[in-house]
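Hi,

Here is the structure I promised to pass on.

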Amino acid sequence: VQLQASGGGLVQAGGSLRLSCAASGSISSINLGWYRQAPGKQRETVARITSGGSTLYAESVKGRFTISRDSAKNTVYLEMAGLKPEDTAVYYCNVWPATRVSWGQGTLVTVSS
């Protein structure tokens with residue numbers, strides 16, 4: 001399954017964005033995650049959702065971000081609210097855990113102060 005993230009952009013601090021991750025095939029049995037990589041930093045897991053709908057978030061985004069999935073549309077979403085400048089990064093979606101996987105281009109989120 002190939003995954004393509006979209007929906008990034010420039011937003012002011014405190015604003016919201018919704019990222020989408022479209023899959024080329026069925027995601028119903030796949031655990032998926034959103035990841036991000038800020039300039040000069042390592043890629044980190046932002047949130048993950050299991051095939052059963054269980055979610056987990058990084059402490060830095062807990063209460064502000066929401067991951068969800070629509071298996072009928074083969075799409076995973078990341079709703080981001082209360083954005084902070086430190087959320088600026090390229091955001092990627094991929095299987096979870098992301099071990100020995102290739103990465104797409106991601107989508108850039110820039111939060112201005």
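Below is what turned up when I went through it, topic by topic. Keep in mind that this is a predicted model.

**The disulfide**

Let's start with the cysteines. Searching the whole structure gives one disulfide. Its partners are Cys21 and Cys93, with sulfur atoms 2.0 Å apart. Cys21 sits in strand 3 and Cys93 in strand 9, so the bond ties together parts of the chain that are 72 residues apart in sequence. The link is right-handed, with 75° about the S-S bond. Are these two cysteines buried or exposed? Both Cys21 and Cys93 are buried.

**Salt bridges**

- Asp87 pairs with Arg64, and their closest N and O atoms are 2.7 Å apart. This pair links distant parts of the chain: Asp87 is in the loop between strand 8 and strand 9, while Arg64 is in the loop between strand 6 and strand 7, 23 residues apart. Through salt bridges that share partners, Arg36, Glu44, Arg64 and Asp87 are joined into one network. As for accessibility, Asp87 and Arg64 are both buried.
- Arg18 pairs with Glu79, where the closest N and O atoms are 3.9 Å apart. The cut-off is 4 Å, so this pair counts as a salt bridge. It also connects distant parts of the chain, with Arg18 in strand 3 and Glu79 in strand 8, 61 residues apart. Arg18 is partly exposed, at 44% relative accessible area, and Glu79 is partly exposed too, at 37%.
- Glu59 pairs with Lys62, the closest N and O atoms being 2.6 Å apart. Glu59 counts as exposed, at 63% relative accessibility, whereas Lys62 is partly exposed, at 44%.

The peptide bond between Trp96 and Pro97 is cis, with omega about -5°. Pro97 is in the loop between strand 9 and strand 10. Arg100 belongs to that loop between strand 9 and strand 10 as well, and its phi is positive, near 55°, although Arg100 is a residue other than glycine. How exposed is Arg100? The relative accessible area of Arg100 is 89%, and the cut-off for exposed is over 50%, so Arg100 counts as exposed.

Asn74 is another non-glycine residue with a positive phi, in this case about 50°. You will find Asn74 in the loop between strand 7 and strand 8.

**The largest pocket**

Finally, the pocket. The largest one holds about 170 Å³ of space. Which residues line it? The lining is made up of Val1, Gln2, Leu3, Cys93, Asn94, Val95, Val101, Ser102, Trp103 and Gly104. Strand 9 gives the most to this lining, with three residues. By type, the lining has six nonpolar residues, four polar ones and no charged ones. Note that Cys93 turns up here as well as in the disulfide with Cys21.

That's the lot for now.

Best wishes

Key. Residues are numbered from 1 along each chain as its sequence is written. This is a predicted model: local features need pLDDT of at least 70, side-chain atom pairs count only at pLDDT 80 or more; totals for chains, interfaces and linings use all residues. Side-chain values use heavy atoms; hydrogens and water are left out. A salt bridge is a side-chain nitrogen of Lys or Arg within 4 Å of a carboxyl oxygen of Asp or Glu. Helices (H or I, at least four residues) and strands (E, at least two) are DSSP runs, numbered from the N terminus. Buried means under 20% relative accessible area, exposed over 50%, partly exposed in between (1.4 Å probe, protein chains only). On a 1 Å grid over the protein atoms alone, a cavity is a set of points where a 1.4 Å probe fits but cannot get out, and a pocket is an open set with protein on both sides within 12 Å along at least five of seven lines; lining residues have an atom within 4 Å of a point. Grid points are joined across faces, edges and corners, and a volume is the space filled by probe spheres set on the points. Ala, Val, Leu, Ile, Met, Phe, Trp, Tyr, Cys and Pro count as nonpolar, Asp, Glu, Lys and Arg as charged, and the others, Gly among them, as polar. A disulfide is a pair of cysteine sulfur atoms within 2.5 Å.
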